[in-house]
Amino acid sequence: MTTAPTLTDAAAARIAAIAEKQAKPAILRLSVEGGGCSGFQYRFDLAESPEGDDSVSENDGVKLVVDAVSMDLVAGSTVDFVESLGGAAFKVENPQAAAGCGCGSSFGI
């Protein structure tokens, strides 16, 4: 059994704010695509609703959905929202990632 990725409180609050501003449900879709400088890259989108094969986790009313194919690559991960002098972004802490890049948006296994 795989562990669904989770949202930190900071990520949930940011998603809720973005969804409210765009008048959409507070549902973040995390998916993985081939590419990036390390082999795979994370993709984030607001979703209207979960799909049939999605894994769903929730924090403070905000849902994180992941499709079955991506789930194999992000199981056990934590999605956070970080703000620094360099900017603000969603960051995935992926225990399966053996390599990553400086930008934090791609990884290798």
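Visitor: Which residue in strand 5 is the bridge partner of Leu 28?

Guide: Leu 64 is the partner of Leu 28. Residues are numbered from 1 along each chain as its sequence is written. The model is predicted, with local features needing pLDDT of at least 70, side-chain atom pairs counting only at pLDDT 80 or more, and totals for chains, interfaces and linings using all residues, while side-chain values rest on heavy atoms, with hydrogens and water left out.

Visitor: How are strands and their pairing to be read, and which sense does the pairing of strand 2 and strand 5 have?

Guide: Strands (E, at least two residues) and helices (H or I, at least four) are DSSP runs, numbered from the N terminus. Two strands pair if DSSP finds at least two bridges between them. Here strand 2 and strand 5 (residues 62–66) are parallel, over 4 bridges. Strand 2 also pairs with strand 3 (residues 40–46), in the antiparallel sense and through 7 bridges. Within that pairing, Ser 31 has Arg 43 as its bridge partner.

Visitor: In what order do the strands of the open sheet run?

Guide: The order is 1-6-7, with mixed pairing. Strand 1 (6–7) and strand 7 (87–93) each have a single partner strand, so one side of each has no neighbour in the sheet. Strand 1 runs parallel to strand 6 (residues 78–84), joined by 2 bridges, and Thr 6 is opposite Thr 78.

Visitor: Which helix lies across these strands?

Guide: Two conventions come first. Contact means heavy atoms within 4.5 Å. Axes are lines fitted to C-alpha atoms, for helices over the stretch in contact, and angles between N-to-C directions run from 0 to 180 degrees. Helix 1 (residues 9–21) lies across strand 1, strand 6 and strand 7, at about 80° to strand 6.

Visitor: How many aromatic pairs are there?

Guide: Rings of Phe, Tyr and Trp (its six-membered ring) pair if their centres lie within 6.5 Å; planes under 30 degrees apart count as stacked, over 60 as edge-to-face and the rest as tilted. The count is 2. For Phe 44 and Phe 90, the ring centres are 5.6 Å apart and the planes at 35°, so this pair is tilted. Phe 44 is in strand 3 and Phe 90 in strand 7, so the pair ties together parts 46 residues apart in sequence. Phe 44 and Phe 90 form one aromatic cluster with Phe 81. Phe 44 is partly exposed, at 26% relative accessibility.

Visitor: How many salt bridges does the structure hold?

Guide: A salt bridge is a side-chain nitrogen of Lys or Arg within 4 Å of a carboxyl oxygen of Asp or Glu. There are 4. One of them joins Asp 54 to Arg 29, with the closest N and O atoms 2.6 Å apart. Asp 54 sits in the loop between strand 3 and strand 4 (55–59), and Arg 29 in strand 2, 25 residues apart. Both Asp 54 and Arg 29 are buried.

Notes:
Buried < 20%, exposed > 50% of the residue type's maximum accessible area, 1.4 Å probe, protein only.
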